[in-house]
Amino acid sequence: MQPETKKRKKASIPNARTGMSLEEIELDLAESLLYVLGKPPAMSTLNDCYLAVAYTVRNRMMKVWLKSVEDFFTRKEKAVCYFSAEFLIGPQLGRNLFNLGIYDTMKQALGAFGLNLDGIIEHEQEPGLGNGGLGRLAACYIESMATLGVPAIGFGIRYEHGIFQQKFRDGWQVELTDNWLQKGYPWEIPRPERVYDVKLGGYTQTYMDANGAFRVHWIPGWVVRGMAYDIPIVGYAAKSAAMLRLWKAEATESFDINDFNTGDYYGAVESKITSENITKVLYPNDEFLHGKQLRLEQQIFFVSCSLQNLIEMHLLKENTLDNFHETFAGQLNDTHPAIAVAELMRLFVDEHDMEWEKAWHITRHTFSYTNHTLLPEALEKWSLPLFARVLPRHLEIIYEINHRFLQQVSEMSPDMPLEPLSLIEEGGEKYVRMANLACVGCHAINGVAGIHTELLKKRTIRHFYQLFPEKFSNKTNGVTPRRFMLLCNPRLSNLITSRIGDGWIKRLDMLKNLEEFIDDPDFLKAWRQVKRDNKHEQVEYVHQKTGVMLNTESLFDVQVKRIHEYKRQHLNLLHILTLYNRIKKNPGLDIPARTFIFGGKAAPGYYMAKLIIKLINSVAEVVNNDPDVGGRLNIIFIRNFNVKIGQRVYPLADLSEQISTAGMEASGTGNMKFSMNGALTIGTLDGANVEIREEVGPENFFLFGHTVQELDALKTSGYIPYKYYGSNPELRGVIDLISSGIFSGGKQDLYRPIVDELLFHDTYMLLADYQAYVDCQENVGRIWQDQDQWTRMSILNVARSGKFSSDRAIREYCRDIWHIDLKE
């Protein structure tokens, strides 16, 4: 790695660490390789080159980040503290280059070294610190806060092993360990001085202090230490930055010399191994008690470290904790960090001798809660014996909160039932209800899509809404256009900017100005060319990776998301098999060519989801190789779908499959990413689909399926899915084809669990929606054949996607929940 240009004198380049010129960046690249990595150019590997580039970029982020930190401590500003068990931040190099405005300069600098920036970006490992939408949303929000100048810290866990790497073996999903830290992670900054002890287990003792006040002393059974790792998040145009602070678990004493000296070599490091297990892996298998305990330990671990850190930071600015809630706004991203309510109370009351009423006032005014689920069974709760064993002091605090709260309810609303409001679920086995704790201990509660929030009010947590309607609001999710348009779809971004300027990058509602071009034939032609070029580029990539060559002139019909029965990937498959059966009956059938693209991971213990993956791959094997199909249908399942792969997929999609059962999806964000990249949506009235349809116009959205109310009525009247099978010949033909063994090497029982679920239970109402879905897909095919109409619809989807920017969502949080005045 040596520049081909002439050697320049250092004296002429005073800002090699922070300068933005080509010369300064070239010098920093060379010095990073030599002095940071200790590698001579002749011996540098691709990973060395990536690290050198990353350190060069990080150097230019530091000034912005440290200025934002200094501003917070020297000004009376409120900071947002975003607590999330997941942060799916994706690869950072390309995003940071764009936000710093040095993408092209870096490309040129690397060219002088004979290196290709695209290859280095492709080499970057992605931290798998999340499962999907929850973690991706958190990452988008941190980026938007940085862009909008909102002082912000994201608090989470530095999982040593993130979400598994997905491979296929004979069509089955196989999980491999994610070793994202193995080759070094240059964006993080270790903070060995920033450590906090977290108590676990043990017992409590009561006493009276010198002033005669009742106090509790917690004597822990064991203690884990958390160490901070910081990742700077620079906003667009590098005006300000936020911080992601992730905690790694360590032992308070990593090595016991006495055990070692007596020959107990395992005992000498046992504490280290046990402690570090807490942050070893994202979401341990919680089917067994040990896994459940580890998840609870993870949650209290990162929450306690974060709150201790915040108290310390606050006391650097102020000499009292009385106004803690004026310094920090704590947002709980779902129920995983809900234990923060009890932990902050413990820290205030036990560690800082604050009286209960004052502590409760500050705690309630600090926290707000985002709910991400409609399913009551998905609201997190912990077995009381487990909770008592791990967090005995917190259980006492929760009992006290519950007692005072239920007493308040009885006085406010004597007729209100107490059982659904209680923080403790009574019955055979008692549980601690974390969603209820969040609802009681937060000053604001929000859903993440209009329909989701309404269903929360009417169903999931309706009793809390009846008591405290003023707490509830809707904050529809959003995604950052910097990553999901500017970075992943530069061709489309450049076309848009050439017509309306670049203001849309920070004010996505400015995309509305594209509407004036929908009848401009030159613009329509350019729009289609962008899609065609995107397809060609990614088809070549797919061919290199898989050996499969896709038809770029076909309709790219895409469903990429976590594999789950309610997301109904198998409904998509029923439509594919309907088309396949039609072709087999009439080989000359004239239908538009389609490429069906799937992607997503199934939870390791979720057998039915893994069986659906196997079925998709088995159907692909048969359909793709059937000469009767003649290239009219092609199916591909992209393995190991993640943020990086998503950036390749969103720009090439023509049709976005958002076909979950109505009332099941909280919001979704993939639907937004596809729409703002010009894909048309086929979907149900579920989650944010409702608002996408409202924004883009019903005529630019392919709607099908029963509504929530219609599904309720079906279930109430006694839903019998087998009737649909008996009365619909095409549906029966598809189900029988799956049962026949053609996709399982003659093993007719392999897919019986899927078939039996559909025929005799159909929990997610696929058969009820099947015919409407097939009919809607026929309309998709008809409109696809009129490319001018399709292109106009595509442009309008982009032009009207402004609402779905995470910037809009953050502005609403600042205005309605956090009470922060933006600097814009």
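At what angle do the axes of helix H2 and helix H3 cross? This is a predicted model, and in it the axes of H2, residues 46–74, and H3, residues 93–100, cross at roughly 35° and come within 10 Å. The crossing is left-handed. On the H2 side, the contact is made by Tyr50, Val53, Val57, Arg60 and Met61; on the H3 side, by Leu93, Asn96, Leu97 and Leu100. Seven of these residues are nonpolar, one is polar and one is charged.

Next, the aromatic rings. A pair of rings is described by the distance of the centres and the angle of the planes. The count here is 29 aromatic pairs. Take phenylalanine 83 and phenylalanine 367: their ring centres are 6.1 Å apart and their planes stand at 70°, so this pair is edge-to-face. Phenylalanine 83 is in strand E1, residues 79–83, and phenylalanine 367 in strand E11, residues 367–370. The pair thus links distant parts of the chain, 284 residues apart.

Another pair is stacked: phenylalanine 405 and phenylalanine 464, with 6.1 Å centre to centre and 10° between the planes. Phenylalanine 405 belongs to helix H14, residues 392–412, and phenylalanine 464 to helix H17, residues 462–467, so the pair ties together parts 59 residues apart in sequence. Phenylalanine 405 and phenylalanine 464 are both buried.

There is also a cluster, in which ring pairs link Phe72, Phe73, Phe324, Phe328 and Phe348.

Last, charges over rings. Lysine 471 has its charged end over the ring of phenylalanine 468, 4.8 Å from the centre. Arginine 648 lies over the face of tyrosine 541, 3.5 Å from the ring centre.

Methods. Residues numbered from 1 in each chain as written. Predicted model: local features only at pLDDT ≥ 70, side-chain atom pairs only at ≥ 80, totals over all residues. Heavy atoms only, no water. Axes fitted to C-alpha atoms, helices over the stretch in contact; angles between N-to-C directions. Helix = DSSP H or I, 4+ residues; strand = E, 2+ residues; numbered from the N terminus. Left-handed = near helix turned anticlockwise from the far one by under 90°. Contact = heavy atoms within 4.5 Å. Nonpolar A, V, L, I, M, F, W, Y, C, P; charged D, E, K, R; others polar. Phe/Tyr/Trp six-rings, centres within 6.5 Å; stacked < 30°, edge-to-face > 60°. Buried < 20%, exposed > 50% of the residue type's maximum accessible area, 1.4 Å probe, protein only. Lys NZ or Arg CZ within 6 Å of the ring centre and 35° of its normal.
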